[in-house]
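Subject: Structure handover, with notes

Hi,

Here is the structure I promised to pass on. Have a look at it first, then read my notes below.

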Amino acid sequence: QARLVESGGGLVQAGGSLRLSCAASGFTFSNRAMGWFRQAPGKELEFVASISIGGRGTRYADSVMGRFTISRDNAKNTVDLQMNGLKLEDTATYYCAADRDSLISADPSEFPDWGQGTQVAVSS
């Protein structure tokens with residue numbers, strides 16, 4: 001059974017940085033693309049970034065392009081999200097998700113396995 005556990009969330013001032021990490025277990029991590037999504041209070045789930053099985057292919061939401069970087073370590077079964085230049089609008093619960101296959105996607109319906117989320121709050 002797939003298990004995803006996020007860590008690294010917290011409170012940070014605008015302009016600051018945070019690094020989120022997701023530890024995966026219960027499935028063959030290196031066979032599946034991975035992604036990060038977020039949901040702000042009162043808003044719908046939003047795609048943030050995804051990464052291919054080898055890590056060379058990435059995809060980002062326009063809102064985070066150039067500020068966030070997704071990476072993965074297949075030896076450690078982890079996927080990270082480095083967030084720089086944080087803005088107030090980045091405040092949300094961030095979720096790690098495992099794609100159903102090796103293809104990068106931004107569609108949450110392509111991700112059957114999800115973590116519990118980690119909260120990120122950006123203050124002015």
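Let's start with a definition: a salt bridge is a side-chain nitrogen of Lys or Arg within 4 Å of a carboxyl oxygen of Asp or Glu. Before the examples, keep in mind that this is a predicted model, where local features need pLDDT of at least 70 and side-chain atom pairs count only at pLDDT 80 or more, while totals for chains, interfaces and linings use all residues. Residues are numbered from 1 along each chain as its sequence is written, and side-chain values use heavy atoms, with hydrogens and water left out.

**Salt bridges**

By that rule, the count is 6 salt bridges. One of them joins the side chains of Glu46 and Arg38, at 2.8 Å from N to O. Are these two buried or exposed? Here buried means under 20% relative accessible area, exposed means over 50%, and partly exposed is in between (1.4 Å probe, protein chains only). Arg38 has 5% relative accessibility, so it counts as buried. Glu46 has a relative accessible area of 31%, so it is partly exposed.

Next comes Arg67 with Asp90, whose closest N and O atoms are 2.7 Å apart. This pair links distant parts of the chain, 23 residues apart: Arg67 is in the loop between strand E6 (58-60) and strand E7 (68-73), and Asp90 is in the loop between E8 and strand E9 (92-98). (Those labels come from DSSP runs, numbered from the N terminus: helices are H or I with at least four residues, strands are E with at least two.) Both Arg67 and Asp90 are buried.

Glu110 and Arg100 form another salt bridge, with the closest N and O atoms 3.5 Å apart. Glu110 and Arg100 are both in the loop between E9 and strand E10 (113-114), 10 residues apart. Glu110 is partly exposed at 28%, and Arg100 is partly exposed at 46%. Meanwhile, salt bridges that share partners join Arg38, Glu46, Arg67 and Asp90 into one network.

**Aromatic rings**

Now for the rings. Those of Phe, Tyr and Trp (its six-membered ring) pair if their centres lie within 6.5 Å; planes under 30 degrees apart count as stacked, over 60 as edge-to-face and the rest as tilted. How many aromatic pairs does a search of the whole structure find? It turns up 6. Take Phe37 and Trp114: the ring centres are 4.9 Å apart and the planes are at 50 degrees, so this pair is tilted. Phe37 lies in strand E4 (residues 34-39) and Trp114 in strand E10, so the pair ties together parts 77 residues apart in sequence. Phe37 is buried at 0% relative accessibility, whereas Trp114 is partly exposed at 29%.

Trp114 also pairs with Tyr95, with centres 6.4 Å apart and planes at 75 degrees, so that pair is edge-to-face. Tyr95 lies in strand E9, so this pair ties strand E9 to strand E10 across 19 residues in sequence. Ring pairs link Phe37, Phe47, Tyr95, Phe111 and Trp114 into a cluster.

**Charges over rings**

A charge sits over a ring if NZ of Lys or CZ of Arg is within 6 Å of the ring centre and within 35 degrees of the ring normal. The charged end of Arg32 does this with Phe27, 4.6 Å from the ring centre. Arg72 lies over the face of Phe29, at 4.3 Å from the ring centre.

Happy browsing!
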